[in-house]
Protein chains: 2
Amino acid sequence: MTLLERFHDHDIRALSRLITFVENREEGFRQLLGRLYPKTGGALRIGVTGPPGAGKSTLVNGLTKELLREGRTIGIIAVDPTSPFTGGALLGDRVRMNELPSDGRVFFRSMATRGATGGLAAATDNVAVLYDAYGFDFVLIETVGVGQVEMDIINACDVVVVVIVPESGDAIQMLKAGLTEIADVFCINKSDRPGAQRLAADLKYTLELRGSSQPAASTARFAHTLLPCAGHEHGHKPAVVQTEATTGKNVDALHRAIGEFIKRGHETSTFEQRRRQRLCAKITEILNVRFQSEFVNHVAGEQDILGEIDNIIAGQTNPYEVGDRLYRRFREQ
Amino acid sequence: MTLLERFHDHDIRALSRLITFVENREEGFRQLLGRLYPKTGGALRIGVTGPPGAGKSTLVNGLTKELLREGRTIGIIAVDPTSPFTGGALLGDRVRMNELPSDGRVFFRSMATRGATGGLAAATDNVAVLYDAYGFDFVLIETVGVGQVEMDIINACDVVVVVIVPESGDAIQMLKAGLTEIADVFCINKSDRPGAQRLAADLKYTLELRGSSQPAASTARFAHTLLPCAGHEHGHKPAVVQTEATTGKNVDALHRAIGEFIKRGHETSTFEQRRRQRLCAKITEILNVRFQSEFVNHVAGEQDILGEIDNIIAGQTNPYEVGDRLYRRFREQ
């Protein structure tokens, strides 16, 4: 059997080898992903994000156990930008995997390759496509919600869980930080700490206010996409759940809240729209990569652009003139 | 006198009107910015970022007072993604401006336009260009460090101050979140709270370890740029300062730490490199906008792309095939 046949036959080692193949961007990885696309669309992507130390890993493990109990299969991607020299990611993986069954119903991979060629967001999406084509029911993606890359990843999910702690600030600050825009479910973890009740009440009240005055706009999910590519989603008021992941308290409630969002998402066209947005972002990315590589290879190389920048710094031109001129050269070529 | 002459004559109302002109992207705003570019390069951009509730606004006001005391002039941009219906930003502006002199040595503008056409990062950069050309010594940019847009803004600064609080997590978590990569100065605010001393010591130790093993890579500052466009910056170990912004305690120490970073930045080529990266990102953005608008207007409109997405969902094609085909059509056109 070929590797791909073994993959379709649910051989978990074949999955693991194809992930490595795609991660390393070996020759033919795009063709492979292209061939697998028709097999995708069966998995839902759940993104779990939040500040460092909010307890995301423990929550993701807890959620995985709840989903396994329902008979579901799960592929986990932990986007962990730990610098290579700490070795933190690998050590963490082993500890985490020991808690989960090794019978093929759950698979775990961490992406510890910040700054990798091709981009972490694209690499994460590629692994999610592999999980989906392999046949997992859910793809759980865990990121630290700080950088631009992590936001691209979270925006590509079907369900977004924002994890905060009682010390994370008040509801108005969440609103100002844009968290109420990205969250489908809010999880206040470490809810044994003081202030949890108040933050939950505060947040529910703020979401209630928002819910009546403006539906969540889906058009801003991708900042760099070619098209707005979808209308507005049906206004949804995120649930607010209080958990204590370390003791497991209320993780079942979080699971239920996600389940309710999924039920509504299937009734409305939420997931279909989000999948369209994701595909639009993917096409945009593929086109941009083509444009930029052709541009750099055939119109203006690194030295040309550095020269133009010198001219701007010398006050002889400006970025708009340079952009106009280079773009015309590209089109006349 | 024309508006532009009054602007060059340091008429603050002319500045204010040009900002509005550029923010609204009125006809000719690109030409205006292009003409002003030769006047830029004199101002340093200081970015202040951190989680909601860390006390950034109070710190920025405190820093502004320190800079005024030194005889410097300051343009402030508060990137405040408050939804329009709360009115929070405007109210906040008035309160904040009452604390600062109104003699033209400091100017304040908030950008409360999340999801605006053209993008918040581009709008912020445009206002920074106006401030620079107007002649301010410093541009202070305050953002909530959550989304992708905010990271684009912070990455375009000469000096990055990351504000955290004792509850933000431990040093390893900061490292994992990528904060040690973007920070030039760490500010632990609300340092009267328990855990501040320990976090400071922890962070210094972690930065010491990192400092010896890898220099800060500058190439990853912009994820969407055309070229790496610069070498590596001289490895710099961020200072760690503990402040209590509300009482003003140690804000002078933060000011000194920033001053020391600036001194070193002038001695090495840090600011020159960062300015080059910023200009490279600007040129890339201008080219991408041209490419995408030409693409959508002349190659494949919204309906075409939505049709391709339908075909992908129906399993008849995949994003790579679509990207290839559309790009070829663009080039053959």
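Hi everyone! Let me begin with a definition: a residue is buried if its relative accessible area is under 20%, exposed if that area is over 50%, and partly exposed in between. Please keep that in mind while we look at this structure, which is a predicted model.

You'll find A:K190 in the loop of chain A that runs between β6 (185-188) and α10 (196-213). There is something else to notice here: A:K190 is not a glycine, yet its phi is positive, about 55°.

B:H10 sits in the loop between α1 and α2 of chain B, and with a relative accessible area of 49% it is partly exposed.

While we're on loops, have a look at B:D103, between α5 (88-98) and β3 (106-111) of chain B. Its relative accessibility is 47%, so B:D103 is partly exposed as well.

Now let's step back to chain A as a whole. Chain A contains 14 helices and seven strands. Of its 333 residues, 56% are buried. And if we take the contacts in chain A between residues at least 6 apart in sequence, 76% of them join residues at least 24 apart.

One of those helices is α12, residues 270-298 of chain A. It has 29 residues and reaches 42 Å from its first C-alpha to its last, close to the 42 Å expected. Is α12(A) enclosed or open? Well, 21 of its 29 residues are buried, so α12(A) is largely enclosed by the rest of the structure.

So what does α12(A) pack against in chain B? Its partner is helix α13 (residues 302-313) of chain B, at an angle of about 110° and with the axes 10 Å apart. That angle makes the two helices roughly perpendicular, and their crossing is right-handed. On the α12(A) side, the contact is made by A:R275, A:R276, A:L279, A:C280 and A:I283. From α13(B) come B:I305, B:L306, B:I309, B:D310, B:I312 and B:I313. Sort these contact residues and you get eight nonpolar, three charged and no polar ones.

Last stop: helix α3 (residues 29-36) of chain B. Its buried residues are B:F29, B:L32, B:L33, B:G34 and B:L36. They pack against α1 (3-8), α2 (12-23) and α6 (120-134) of chain B, together with α14 (319-332) of chain A.

Definitions and conventions
Residues numbered from 1 in each chain as written. Chains lettered and ligands numbered in written order. Predicted model: local features only at pLDDT ≥ 70, side-chain atom pairs only at ≥ 80, totals over all residues. Heavy atoms only, no water. Axes fitted to C-alpha atoms, helices over the stretch in contact; angles between N-to-C directions. Helix = DSSP H or I, 4+ residues; strand = E, 2+ residues; numbered from the N terminus. Parallel < 35°, antiparallel > 145°, perpendicular 65-115°, else oblique. Left-handed = near helix turned anticlockwise from the far one by under 90°. Contact = heavy atoms within 4.5 Å. Nonpolar A, V, L, I, M, F, W, Y, C, P; charged D, E, K, R; others polar. Expected span 1.5 Å × (residues − 1). Buried < 20%, exposed > 50% of the residue type's maximum accessible area, 1.4 Å probe, protein only.
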